[in-house]
Amino acid sequence: MSKSNATNQILEYLKDQNRPYSVIDIFNNLHKEHGKTAVTKALETLVSEGKIKEKTYGKQKIYFIDQNEFQNSKDANLQQMDEEINNINQALKELQQQIKNAENELNTLDKSLTTEAAEVELLALKKELPNLKSRLQTLESNAGRIKPEEKDGLYEARKKSCKEWTKRKCLANDMIDAILEGYPKDKKHLFEEVGIETDGELKVFT
């Protein structure tokens, strides 16, 4: 079929339908009677002749009949079609975003533990649990090995030692004070010269 016949047929089809179509739509709706290249060239010819209009949405071109071809046509019809196309494009973007979100969620699930892996980890923890309980019981039993009477005896012995220590410390301080009355230097020099270490220096507290 000649280029002229393809152009006329496409023009008549667009007039009859009075709706916007892409190249693929026209190619399929005419039952592939004309090749895609022939359809594209026919549409370009009709656009250049001003018989149809062309609009681009993203990467796709839409073709529709010039509404001036219809005596009773109004710009409102064309505006309505533009709004419908915009609504469809918006719905398409929302759907694409939903698909993207679903893919991200699927990737996250793929990276998480599978049911089989989770069961293996749970089994390992169950096997380790008795050992942990046994260690806990051992620690609790060790904490109570010292009998109460033994503990009281230790406290009493410490108390007596601290009392004796305090008594001897007082006697030592009295002797040092007596020596310092005739010593030409201060207490620090005396301690250094004699080699006396205080309980503060040794971090010993009663």
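This is a predicted model: local features need pLDDT of at least 70, side-chain atom pairs count only at pLDDT 80 or more; totals for chains, interfaces and linings use all residues.
Student: In which sense do strand β1 and strand β2 pair?

Tutor: Strand β1 covers residues 52-57 and strand β2 covers residues 60-65. Six bridges connect these two strands. Their pairing sense is antiparallel.

Student: Which residue in the turn of the hairpin has a positive phi?

Tutor: β1 and β2 form a hairpin, and two residues lie between them. In that turn, a positive phi of about 70° belongs to G58.

Student: How much space lies in the largest pocket?

Tutor: The lining of the largest pocket consists of 21 residues. Those nearest the pocket's centre are P20, I62, I85, I88 and N89. The space in this pocket is about 510 Å³.

Student: Which element supplies the largest share of the lining of the largest pocket?

Tutor: Both β2 and α4, the latter spanning 75-111, supply at least two residues each to the lining. The largest share amounts to nine residues, and its source is α4.

Student: How many residues of the lining of the largest pocket are charged?

Tutor: The lining divides into nonpolar, polar and charged residues. Eight are nonpolar and eight are polar. The number of charged residues is five.

Key. Residues are numbered from 1 along each chain as its sequence is written. Side-chain values use heavy atoms; hydrogens and water are left out. Two strands pair if DSSP finds at least two bridges between them. Helices (H or I, at least four residues) and strands (E, at least two) are DSSP runs, numbered from the N terminus. On a 1 Å grid over the protein atoms alone, a cavity is a set of points where a 1.4 Å probe fits but cannot get out, and a pocket is an open set with protein on both sides within 12 Å along at least five of seven lines; lining residues have an atom within 4 Å of a point. Grid points are joined across faces, edges and corners, and a volume is the space filled by probe spheres set on the points. Ala, Val, Leu, Ile, Met, Phe, Trp, Tyr, Cys and Pro count as nonpolar, Asp, Glu, Lys and Arg as charged, and the others, Gly among them, as polar.
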